[in-house]
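Student: Could you walk me through a structure by asking what sits where? I have the sequence and the coordinates open.

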Amino acid sequence: MLPTTTVSSRGQGNGVLSPRDAARHTAGAKRYKYLRRLFHVRQMDFEFALWQMLYLFTSPQRVYRNFHYRKQTKDQWARDDPAFLVLLSIWLCVSTVGFGFVLDMGFFETIKLLLWVVFIDCVGVGLLIATLMWFISNKYLVKQQNRDYDVEWGYAFDVHLNAFYPLLVILHFIQLFFINYVIISDSFLGYLVGNTLWLVAIGYYIYVTFLGYSALPFLKNTAILLYPFALLIMLYLISLACGWNFTRMLCSFYKYRVK
């Protein structure tokens, strides 16, 4: 789960890790420790995970400052506690049930929607985005003088989860209160409200992703991760001019998928 690895080992007196310490610092060992803690609820810090979820909305920089602290104290950037992932899964279930209720879906249709949202929207798309960002950051963003460091895939997926949570809350929770009464209507106000929520949600995703990679001191030119903002705003303006309603399109797609 480490975002970085070093070719030259750090050590005690002679600069070399002992075989036992080296084994503890491998990505595989830390991944095993992370997955093992999924089955030990008492070892998870849910209070701290809730704190992170709150600050991902109000001050996401503070979340990544804590990542720096973890690197200094535990020699890893990514989370070693699956509590955030567990709470995110609960949010996915609750919000998807609410989505199914708003769209007047039956029990089995809601279950199908839940499976789609979890395994396609969150995990599937997350794997794709994390892999793409892992490749781009290692290929183009690592500083020349820091070629001994690289961004590990586990950290890229961790950044995706951080960015996905605000998007989930905006589109799968806040938006639910406006769908039937405002957004689905054929009026300009309908697609103005709906598309604006999409703009804010995706904008949050881009910004939190940028913060995640700019937090790594061995990366350069991370500001290019903000460039999609220009395309996002352009698409938003075009959608208003053409009367596209992204939320209605999403609802129609979900209903088609659960048939």
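Student: At 33% relative accessibility, is Phe-173 buried, partly exposed or exposed?

Tutor: This is a predicted model, where local features need pLDDT of at least 70 and side-chain atom pairs pLDDT 80 or more, while totals for chains, interfaces and linings use all residues. Numbering runs from 1 along each chain as its sequence is written, and side-chain values use heavy atoms, without hydrogens or water. Buried means under 20% relative accessible area, exposed over 50% and partly exposed in between, using a 1.4 Å probe and protein chains only. At 33%, Phe-173 is therefore partly exposed.

Student: How many aromatic pairs are there?

Tutor: Rings of Phe, Tyr and Trp (its six-membered ring) pair if their centres lie within 6.5 Å; planes under 30 degrees apart are stacked, over 60 edge-to-face, and the rest tilted. That rule gives a count of 17.

Student: And what geometry do Phe-173 and Phe-177 adopt?

Tutor: Their ring centres are 5.5 Å apart. With 90° between the planes, the pair is edge-to-face.

Student: Which class does Phe-177 belong to at 56% relative accessibility?

Tutor: The cut-off for exposed is over 50%. Since Phe-177 has 56%, this residue counts as exposed.

Student: How are the rings of Phe-253 and Tyr-254 arranged?

Tutor: Their centres lie 6.3 Å apart, and the planes make an angle of 40°. That makes the pair tilted.

Student: Why is Tyr-254 classed as it is?

Tutor: Phe-253 is partly exposed because its relative accessibility is 36%. Tyr-254 has 2%, so its class is buried.

Student: Which residue takes a positive phi just after H5?

Tutor: Within H5, the buried residues include Phe-84, Leu-88 and Phe-99. Just after the helix, a phi of about 60° belongs to Asp-104.

Student: How many nonpolar residues line the largest pocket?

Tutor: Its lining has 25 residues, with Val-125, Ile-129, Leu-167, Ile-202 and Tyr-205 nearest the centre. Helices H6, H7, H9, H10 and H11 each supply at least two lining residues. Ala, Val, Leu, Ile, Met, Phe, Trp, Tyr, Cys and Pro count as nonpolar, Asp, Glu, Lys and Arg as charged, and the others, Gly among them, as polar. Alongside three polar and one charged, the nonpolar count is 21.

Key: On a 1 Å grid over the protein atoms alone, a cavity is a set of points where a 1.4 Å probe fits but cannot get out, and a pocket is an open set with protein on both sides within 12 Å along at least five of seven lines; lining residues have an atom within 4 Å of a point. Helices (H or I, at least four residues) and strands (E, at least two) are DSSP runs, numbered from the N terminus.
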